[in-house]
Amino acid sequence: MALRAALRKSCALTGLFCQLSSSRHGRVCASPVLVAQQRNSSTAQNIKLDFDQSTGVAVMHMQCPPVNALSLEFLTEICITVEKLEMDKSCRGLIITSSQPKVFSAGLDLLEMYETSTEHRGEFWRAVQEMWLKLYSSKLVTIAAINGSSPAGGCLMAMTCDYRIMADNPRYGIGLNETQLGMVAPFW
Ligand SMILES: CC/C=C\CCC/C=C/C(=O)SCCNC(=O)CCNC(=O)[C@H](O)C(C)(C)COP(=O)(O)OP(=O)(O)OC[C@H]1O[C@@H](n2cnc3c(N)ncnc32)[C@H](O)[C@@H]1OP(=O)(O)O
């Protein structure tokens, strides 16, 4: 049973990798084939979603300027998008990438933790937890196409995907640097 599930995931993955290509400028991008075959395209405020029903692959472009900082609102949008895709039986895989130049995600929105109420911060951290648990436990094959810097919460997001592909550019950094900000991840 477990083996069958693993095989299913791996077959779906082969299809997903075929749709990723990288340009000479160190950017990872969805192949033009995907755009041409696209059946469904929807846009939430900070997310552009391209879903190709013929392959079952969705591409979630994060477009929350300037650096895709993960605010409560943005985290909620991400969770709702993943939930909707999971409910669609024709969707097998999800590629997460960024529309912002040079940055995949700057991590948690620092302004959400600064001079906000205890109640708001509680809601915010619950949304952080929901985001990574949702991705980590998703039945979809998930790939982070990391086309820019991805510190802290951005790294967490990428780590909770099944696979990560990062653009080969020495200017792009990735890692869990939040302790440098004096921040300790809460006990969940
Ligand atoms: C199981 C649990 C495990 C782990 C728990 C995870 C805990 C996670 C914690 C966090 O994520 S805390 C956030 C940590 N993030 C950072 O430290 C990133 C800081 N930012 C940068 O390093 C850079 O901004 C950059 C992302 C590399 C982009 O650099 P660039 O030169 O392109 O842009 P610039 O620095 O000029 O920034 C533009 C603009 O964006 C604002 N900004 C940047 N990061 C954030 C952020 N995280 N939150 C809110 N806003 C952010 C920055 O202030 C600039 O705004 P301005 O134009 O108004 O000045």
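## Aromatic pairs

The structure holds two aromatic pairs. In one of them, the ring centres of Phe124 and Trp125 lie 5.8 Å apart and the planes meet at 70°, so this pair is edge-to-face. Here, rings of Phe, Tyr and Trp (its six-membered ring) pair if their centres lie within 6.5 Å; planes under 30 degrees apart are stacked, over 60 edge-to-face, and the rest tilted.

Phe124 counts as buried because its relative accessibility is 0%, and Trp125 counts as buried at 19%. Buried means under 20% relative accessible area, exposed over 50%, and partly exposed in between (1.4 Å probe, protein chains only).

## About the model

This is a predicted model, where local features need pLDDT of at least 70 and side-chain atom pairs pLDDT 80 or more, while totals for chains, interfaces and linings use all residues. Residues are numbered from 1 along each chain as its sequence is written, and side-chain values use heavy atoms, leaving out hydrogens and water.

Now let's look at a strand. S7 spans residues 141-146, and six of its six residues are buried. Val141, Ile143 and Ala145 point one way, while Thr142, Ala144 and Ile146 point the other way. Helices (H or I, at least four residues) and strands (E, at least two) are DSSP runs, numbered from the N terminus.

S7 pairs in the parallel sense with S6 (residues 93-98) over four bridges, and Leu94 stands opposite Thr142. S7 also pairs in the parallel sense with S9 (residues 163-166) over four bridges, where Arg164 is the bridge partner of Ala144. Pairing requires at least two DSSP bridges between two strands.
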